[in-house]
Amino acid sequence: MIVFLYISLLFTLMSLGATEVTVSNEMSTEDNLESPLCCNLTTDRVEIDYSSKIVENEYIVMFNGYYKNQARANYINTALNASGVKKWKIISRENPASDYPSDFDVVMLEDTDRGAGLDALTNHPSIKTVTAQRMVLRTLKFVNENYIRRGRTSLTSKNQFWQATGRHTSRRLLRAIPRQITSVLQADSLWNMGITGKGIKVAIFDTGLSKTHPHFRKIKERTNWTNERTFDDGLGHGTFVAGVIASSKECLGFAPDSELHIFRVFTNNQVSYTSWFLDAFNYAILKKINVLNLSIGGPDFKDHPFVDKVWELTANRVVMVSAIGNDGPLYGTLNNPADQMDVIGVGGINFEDQIAKFSSRGMTTWELPQGYGRVKPDIVTYGSAVRGSNIKGGCRVLSGTSVASPVVAGAVTLLASGVLHRGEMINPASIKQALMASARRLPGVNMFEQGHGKLNLMKAYQILSSYKPQASLSPSYIDLSECPYMWPYCTQPLYYGSLPVVVNVTILNGLGVSGVIVNKPQWHPYSPQHGQLLDIAISHSELLWPWSGWMAVSLSVSSEGATYEGLAHGHITVTVESPPGLGETEARQSTVTLPIRAKIIPTPPRHKRILWDQYHNLRYPPGYFPRDNLKVKNDPLDWNGDHIHTNFKDMYQNLRNAGYYVEVLGSPFTCFDASQYGTLLIVDPEEEYFPEEIAKLKRDVDAGLSVIVFADWYNVTIMKKVKFYDENTRQWWMPDTGGSNIPALNDLLASWGIEFGDRVFEGSFKLNDHDMYYASGTSIRKFPKDGLLISANVHDQGLQVSRKCYSCRLIYFTCCFKMLGETSEANKKLNVPILGLLQSKATDKSGRIIIYGDSNCIDASHLEAACYWMLDAMLEYTSTSHLPSIFKDNQLTDLEHQTDTEVPVRMEGNRLHRYSKVLEGNLGESQARPLPQCPHLVWAHPIPLNVSAPSNLYQSQKLLSLMEDVALPTLNIENIIRDASGHENSEEADLWSWRNKQVSPVAYKTENFSFTFTVLVLLSILVFCYWLRLYRPKPKKRKLCKRLINFMQCRRMSTV
């Protein structure tokens, strides 16, 4: 009886202990929060607006290498003096990098000698590029979100500041703002292991930091790259960012013992220059910075001096962390440099794991129109209501992606300090691999919103602690049936005859800064799971540098799958090779597998298939293409890609919900088989058309293809009111098209007697019960009499353009544009034709043509009144020839009294050929290029395997040598972190460098057994000893023992 009491007590204690451990280990970060009644907090959101303008007569001259001051001056002297240029000078730069070799200079050229000087510099063999100097303006605005917690308050707001993740939201626990962001992410577990950031140099490029701020222990160096005579922060943003990374008091940072290198690159007026950043970047390389947080961003991914310097930084083992931008929830709004493969791009979430509405979304748009964008952001983390250091001491609470970025930068700094003993294995690629492999995926959120998921600090540490150099892929698998994570791929199945679906995979190379793909990637279809029905084509970057590259996977269905419906499986294997590491003799190699699953259906009927014309869409960068809505003055650039998965995402989803299948054409009209499609959709085109395209489209329509065109504004007078300052010629230029290229569209539609006008109209109207808004659209000037026209009463927006111009701060250009509405003439409404429908009668099988003068009602960029219903009605007409009643009811009957418009003409002297795929310049005149060849994919040779794939391809990504069972302690800490070295603000040399130093492994503290565990062990020993004494077997009971043994061995025993 006593034994059973002991055993019962033992199991009770063990159960209590197990429950305690489970709660401790499974406590999620979001549960480690204060009571909602603890405090009243006001949350500010940081709105950051970046703009820049060209600095008159100043140029950045980039050299092919690093040279001392005198050598660079000699090269420039040789180039300019030989050309006869007299008025020029090298602008001196007095900053910490002046004493070191550099790869650029800033040269001032006078206007009279500008052209000759630029040509002379560009042609010099030691000079790589010559670009304009830019002055960058950053506007920080702290916006109060009216988000004050006073006891029980509703978290619902009309503006839906946070985007729901798709989970059930009718009831949710109220959660307060966490006391410390470091506690939420469990940084305290690493602190109690002696990991506090020691030995890591972290650079903060921002507005500076006070040397005497009480929160910081190790401000190693402060440098000022501005023209102001102060190192201190006059705005507070730099102090907050530094606090999130390295504060040691009150509002704690992640790595309090890291070495802070403060780069003041913005003045108190929030002004900076490209040359300041380039000098500061060079200095960061010289100082062997380990981690760099960059709180800037913009849409210009073709700003080559800046982009090239970021590549150089990461090639020198600098881990760069950058925010993806605050331009959400619109897709295709990633900012540079966060959109680069070698940079860790960070998005924002709140403490309920919801994606921040302001957080920018993918995809990247570098690859358009021929290819497809990459997955970004890389990871997301908390960017709402995060506490950080205030400029005058104490703490403040801010929200924004510029808050999420230093959270990750601080976490990376802490992680790097914990794996110092891993030496050269820790690099920008391995850090990024660990973050992505350890991230926790958020439910109900797609990959272009969350990347690989939410930052998981402790699991990332486990991975880095046992990391082995290797290559990895992002995404790590392709499942075209998994929704919503694999949006948009999962929204439309594959079928025979469709254009190939392109998945752009990022290759991260942890083997070395440079590498190559050896042999060819191999395609292995799974025979039992119909993998042979997939055709796979693979292209990839020739060189993986720095630390990364790309692999484009094109998927199509073979002819054998024309009637198949189901799933097809297989995988691709890729082998990456890099040069030998330190002390190695053989090249490093890593083979990685990319699982593939695709859903296949029988080919849909022709009338349900829509072809989207991507080839003729142009956007910023590189050229200046204005916004389609002239009323939008704070965001005038057309930079979202004009793709069905970026700013036309909602339109695409509406079409899919209506049962249509949408394919994207990234090549000329001569490259598609029109007999496979019911409708060609041309929306907001800025590009010209090849003569061969115009002729083919006429033949296609005669054979049954229908066309829908959504145009936009075009007016030379308005275009001349919007100034653009060219970087190379240093002259004011105009945009080379309006919202769309109306003269080119008129050439395309001339065969049917259709023509748009050159006036710009704006206003609200109704079509039956539907509210409509015409935002900066054009009108129909000419249309066949047997067609159907619909008109609207709208304003002449061109009359609202003022002759008096003013300069406004906008990204990368200065505009001269103003909207008025003061004159009675401008307020007068005019009846103008805006929508036309035509049945072509060239043959009995001819298709139909529909034109509409404005695309803003299907473009999510600045949508005011959606007209997806009208697009559905248009497709009903083009697909079935049935004319919806709403068009009949509003047909224009009085064709004689319409507003006159002129024929739009191309602006004289335009330079569209610089950015066009159709035009080329020849002696000052533009002419059509030779028609390019259509893309022909080379399908990979299949190597079938007799294997089957698991039902779910997604698993938490596992890198080599990952130990899942590594136990990490979680202990209570105090709010002030002690210096791990015992020295406050010490100036001792670095213990470790990522480049050329070897160190001994870090010694970890030995942990003591808990009291509960000790008691359990002692009780177990006592019970065992008592049992031995009481039930010790005796010789005369051998028969009973034998029976027990037989029973244990499952033998049949006698019943006698």
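Which residue stands opposite Leu681 in strand 26? Trp612 does. This is a predicted model, in which local features need pLDDT of at least 70, side-chain atom pairs count only at pLDDT 80 or more, and totals for chains, interfaces and linings use all residues. Residues are numbered from 1 along each chain as its sequence is written, and side-chain values use heavy atoms, with hydrogens and water left out.

Start at strand 26, residues 679-683. Helices (H or I, at least four residues) and strands (E, at least two) are DSSP runs, numbered from the N terminus. Buried means under 20% relative accessible area, exposed means over 50%, and partly exposed lies in between (1.4 Å probe, protein chains only). In a regular strand the side chains alternate between the two faces of the sheet. Thr679, Leu681 and Val683 sit on one side of strand 26, Leu680 and Ile682 on the other. Both faces are covered.

Now look at the neighbours. Two strands pair if DSSP finds at least two bridges between them. Strand 24, residues 609-613, pairs with strand 26 in the parallel sense over 3 bridges. From strand 26 the chain passes through helix 14 (residues 691-702) to strand 27, a right-handed β-α-β crossover. Right-handed means that, with the strands pointing away from the viewer, the path from the first strand over the helix to the second runs clockwise.

Next come the disulfides. A disulfide is a pair of cysteine sulfur atoms within 2.5 Å. The whole structure holds 4 of them. One joins Cys671 and Cys934, with sulfur atoms 2.0 Å apart. Its torsion about the S-S bond is -90°, and the link is left-handed. Cys671 lies in the loop between strand 25 (661-665) and strand 26, and Cys934 in the loop between strand 40 (925-928) and helix 20 (1011-1030), so the pair ties together parts 263 residues apart in sequence. Cys934 is partly exposed, at 24% relative accessible area.

Another disulfide joins Cys483 to Cys490, S to S 1.9 Å. The torsion about this S-S bond is about 100°, so the link is right-handed. Cys483 counts as partly exposed because its relative accessibility is 47%. Cys490 counts as buried, at 13%.

Cys857 and Cys867 also form a disulfide, S to S 2.0 Å. Both cysteines are buried. Their S-S torsion is about 50°, so this disulfide is right-handed.
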